[in-house]
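Biologist: Could we go through this model together? I would like to begin with the sheet and then turn to a helix.

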Amino acid sequence: MRKRLKRLSLLLVFTLFAAMLAACSSGAGGSSSGVDVGIVLPTKDEPRWVQDEERFKAALDDSDYTTEILFSQGSSAKEKENVETLISKGIDVLIICPQDGDAAASAVEAAKKEGITVIAYDRLITNTDAVDYYVTFDSVAVGAAQGQYLIDQASGTDVPLYLYAGAATDNNAFLFFEGAWSTLQPKIADGTFKIANSSEAEALKDKAELTRDEMSKILGQVTTNWDPNEAKNKAQTNLTAVGADMKGDISILAPNDGTARSIADVFASDGDISSYTVTGQDAEKASIQYVIDGKQSMTVFKDVRTLVTDAMGMAISILDGDTPETTGSYDNGAVEVKAKQTDVIVVDQENVQKELIDSEYYEASEFTGL
């Protein structure tokens, strides 16, 4: 009996010693089992997010920390499932670009309950206190840059202005539109532009600052849901509904590159359109070729290399026990979320070589006509 008790005691000591060793090894320089940083991105169907995936992987090449990247494929339910999967793998930091800012709240609240630090990436998660940090481009500045470009290219009065926006479920879509409206509104009010496709915007043309509800009404008419096919259909419907006075030389506020290309193709195919200026954002390869070819007027270049570096730098600071650097904050409806902002650059035919090729963001061989 004593021999058996002695063996059991030795076995217990050995087990405890092994557990202590495992705990020590997992606490130094990354997890020995499981994942340190979990990343959830919206979809693999847009080039932007596939590029982000590769850059996130590269950002940890020289680190002992580990990461796993999952895609939500446009589904908030899948997004929550992804977060739960990453929680089960023992992550300490969650970086998430929400499909729907409000819907993502329950997912990050589950992470927060497990003591996980939550970083909203590129899009803000709204109406929850479970967001610790936000890494973003200045979304209002993006919209303002798009609006200013349209102003700079316009001449005369009563220039037909077609407004399009992102998804009404995406807080960034409101910020982009806010920036664009604040820049364009004075030129709408003074008659430089005439709104062609939104009765709600037309009714508010004399109001410089819009409430969230007022923007919601406009977005309800001009949303593309970030979907190029939906943007194409909406543009076709808009052109069918207007008369000759809303054609000729026109201006188009398109929210991003995918929708800009679809909208541009529709307007280019209408014989009553003499010329068009169309905005975009994200500097997607296909849109850079459109800019070079004169099919898309501009894009707002958001250097995701910097954004990824900022997000991963913030995650590593947290894992190292340090406080991440921030440059401002955003009200998400529940709390002020500390944020780090990255600047944006307007790119058109004049500077595409300098900003995208010379900076080694893309290679010249990827395009024709440079």
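Predicted model: local features only at pLDDT ≥ 70, side-chain atom pairs only at ≥ 80, totals over all residues.

Biologist: What is the strand order in the open sheet of seven strands?

Modeller: The order is β2-β1-β3-β4-β5-β12-β11, and the pairing is mixed.

Biologist: Which strands stand at the edges?

Modeller: Those are β2 (67-71) and β11 (328-331); each has a single partner strand, so one side of each is left without a neighbour in the sheet. On average, neighbouring strands of this sheet are turned by 25° against each other, direction ignored.

Biologist: How many bridges join β5 to β12, and do the strands run parallel or antiparallel?

Modeller: Five bridges link β5 (residues 133-137) with β12 (residues 336-342), and the two strands run parallel. For Phe137, the bridge partner in β12 is Thr342.

Biologist: Changing topic, where does helix α12 lie?

Modeller: Helix α12 (residues 304-319) lies across β1 (37-41), β3 (93-96), β4 (117-121), β5 and β12, and runs at about 165° to β5.

Biologist: And what do the buried residues of α12 pack against?

Modeller: They pack against β1, β3, β4, β5 and β12, and also against α2 (47-59). Among the buried residues of α12 are Val304, Leu307, Met312, Ile318 and Leu319, and Asp310 is also one of them.

Biologist: What span does α12 reach from its first C-alpha to its last?

Modeller: With 16 residues, α12 reaches 22 Å, close to the 22 Å expected at 1.5 Å a residue.

Biologist: Which residue with a positive phi follows α12?

Modeller: Gly321 follows α12, and its phi is near 85°.

How values were computed: Residues numbered from 1 in each chain as written. Heavy atoms only, no water. Pairing = 2+ DSSP bridges. Helix = DSSP H or I, 4+ residues; strand = E, 2+ residues; numbered from the N terminus. Axes fitted to C-alpha atoms, helices over the stretch in contact; angles between N-to-C directions. Contact = heavy atoms within 4.5 Å. Expected span 1.5 Å × (residues − 1). Buried < 20%, exposed > 50% of the residue type's maximum accessible area, 1.4 Å probe, protein only.
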